[in-house]
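Reader: I am new to this structure. Please walk me through it, one question at a time.

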Amino acid sequence: MAKAELTFKDINKTVTVSTGERVIDVSEKEGSGIVYGCKEGDCGTCIMDVLEGWENLSQPSVVEDKILRENAAGRHQRLACQAQVLGGKVVVKPA
Amino acid sequence: MDAVINAATNREAIQVAERVHWVGALDPQLRTFDLILQTANGTTYNAYLLRGSEGVAVIDTVKEEFADEFFTRLESVADYSEIKVIVLNHLEPDHTGALPTLLQRAPQAQVYISYKAPKMLKALLKDEQTLQFNPVNTGDEISLGDRTLRFIHTPYLHWPDTQCAYLPEDYILFSGDVFGCHFCDTRLFNDLCGDFRFSFEYYYAHIMRPFRKYVLEALQHIEPLELEIIAPSHGPILRDRPNSYVQRFRELATSKLPIEQGSDKTLLIFYLSSYGNTAKMAQAVCSGAETVANVRVSLYDLAGGEVEPFVNLVEEADGIALGSPTINGDATKPIWDLLSSMVMIETQGKLGAAFGSYGWSGEAVDMLESRLRGLKFKVPVPGFRVKLIPTEEELQQCHDFGVQLGKVLTGKTTHKVIDFEDLV
């Protein structure tokens, strides 16, 4: 399976993942400070900063866009429970 | 001030200000609220009616079982046809229980809720598919002619949707659960009723304290307001020295312990040990973390203290490491007692770690790590277990484990690359 590199800046770790992995699932296992609530794209708790590789994440859904807007998220913020790593390199940190 | 006020003598509205009436309900028999809160004095569900020159606003309602009392009080000062606005500062059922009936009786009324509340409102009123509502945010205003309500979104005080509504013409803050408490006194006003200081502090400790960061953010919006009355949704109406309650919130939300460590990062190590093995590990972890500059490490034997002071310590700390032996396939009760009390404080983003000695199976460390993650600690350093008595080599590994924790706390870790499959 194709691989991608996901880096958590807050704990200085890079994890090689299979493409399609959700950031939150890797973050939880790896112990990054990205926190979460519902894991269903509803509560907005897991907003993270995407520092690099924005284009290597899955596109936000209409629902995610709405939650990001409601939480006044910045241009390079995503929900870790919705964003999937599609390839290449992605660097994230807790918002 | 009023000579005699007794909300229990009849079910009429009680005047709070020239244009504002209390139309709430008394629940003196309540002893447990939301499963987690005790109250020796019951509670009140405070709802308010505001009359402007161009219509009436109802601010919050009451718990469903108390709807009759609410409606009777409301009817004593207004007709349903006059109600132009319904403000819901918080959607918890003890404040929205009478909403469906109120909407049937005042179908023309516009409902105003926090912009964070629509999904909750829909979930609360599942049969009211046609419900119309207006989401509002900080700074939004609604006019009732010569009276205005200005909204202040106060997220996580204590739900995501919670908000306050400020009446600038009369300097009244309808504060929802903020500045509230469970204390039922028929005299209603803080200058008349019994001593509710304990209830006020208890309510803060259980409802607001886990959201300390958000309390401080909300106070930035509330402190600049000129206040003559704070009208919360539970407990006494604060018309005598309302600012002192705002100030008390500021004090309660500010660090409980003197900050002596300056900019140092603090790591607390809590352990329990039946044969001294986990204690030796704890000392080694401590000695390792101490070698990292700008880390202040403290070591505590949980057998020698009570939970609450330790929880206070954790609230101020940057990280904790928990050491427990495995007994009967589990971590030990004092550790769980400590962890179960951490819902009282904000733990999000702190560093967490676990270690321990074990005899047969050693489940405790994994269990503690899971709980730490559940409490939103970050757990980047894998837990460390030793079978029975730690060797010198294993104690050195504990020492290194402590060094790693110190480095994570101070951001001195070297970049590490791993494969996700190794973690799963």
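Author: Start with a term. A residue is buried if 20 or more other C-beta atoms lie within 10 Å of its own, exposed if 12 or fewer, and partly exposed in between, with C-beta atoms placed from the backbone. This is a predicted model, where local features need pLDDT of at least 70, side-chain atom pairs count only at pLDDT 80 or more, and totals for chains, interfaces and linings use all residues. Residues are numbered from 1 along each chain as its sequence is written, while chains are lettered from A and ligands numbered from 1 in the order in which they are written.

Reader: Is Asp177(B) buried or exposed?
Author: Asp177(B) sits in the loop between strand E15 (172-176) and H5 of chain B. Helices (H or I, at least four residues) and strands (E, at least two) are DSSP runs, numbered from the N terminus. Because 25 other C-beta atoms lie within 10 Å of it, Asp177(B) is buried.

Reader: Which residues does Asp177(B) touch, not counting residues up to four places away in sequence?
Author: Contact requires C-beta atoms, placed from the backbone, within 7 Å. By that test Asp177(B) touches His90(B), Leu157(B), His158(B), Thr162(B), Ile207(B), Pro232(B), Ser233(B) and His234(B).

Reader: What separates the centres of domain 1 and domain 2 of chain B?
Author: An automatic or database domain assignment sets the bounds. Domain 1 of chain B covers 14-253 and domain 2 covers 265-408. Taken over C-alpha atoms, their centres are separated by 42 Å.

Reader: Which helices of chain B each supply at least two residues of the side of domain 1 that touches domain 2?
Author: In this contact, seven residues of domain 1 of chain B meet four residues of domain 2 of chain B. At least two residues of the domain 1 side come from each of two helices of chain B: H5 (197-208) and H6 (212-222).

Reader: Which element gives the most to the side of chain A that touches chain B?
Author: The contact takes 18 residues from chain A and 19 residues from chain B. Strand E2 (13-18) and helix H1 (23-30) of chain A each supply at least two on the chain A side. The top contributor, with five residues, is E2(A).

Reader: In E22(B), what is the bridge partner of Lys13(A)?
Author: Two strands pair if DSSP finds at least two bridges between them. E2(A) and strand E22 (residues 416-419) of chain B pair in the parallel sense over four bridges. There, the partner of Lys13(A) is Lys416(B).

Reader: Which residues have the most contacts inside the largest nonpolar core?
Author: A nonpolar core is a set of buried Ala, Val, Leu, Ile, Met, Phe, Trp, Tyr and Cys residues joined through C-beta atoms within 7 Å. The largest has 80 residues. H5(B) gives the largest share of this core, five residues. The residues with the most contacts inside the core are Tyr48(B) and Val58(B).

Reader: Which strands stand at the edges of the open sheet in chain B?
Author: Five strands of chain B form this open sheet in the order E18-E17-E19-E20-E21, with parallel pairing. Each edge strand has a single partner strand, so one side of each is left without a neighbour in the sheet; they are E18 (295-301) and E21 (384-387) of chain B.

Reader: Which residue in E18(B) stands opposite Lys265(B)?
Author: Strand E17 (residues 265-271) of chain B runs parallel to E18(B), joined by seven bridges. Opposite Lys265(B) stands Val295(B).

Definitions and conventions: Contact = placed C-beta atoms within 7 Å.
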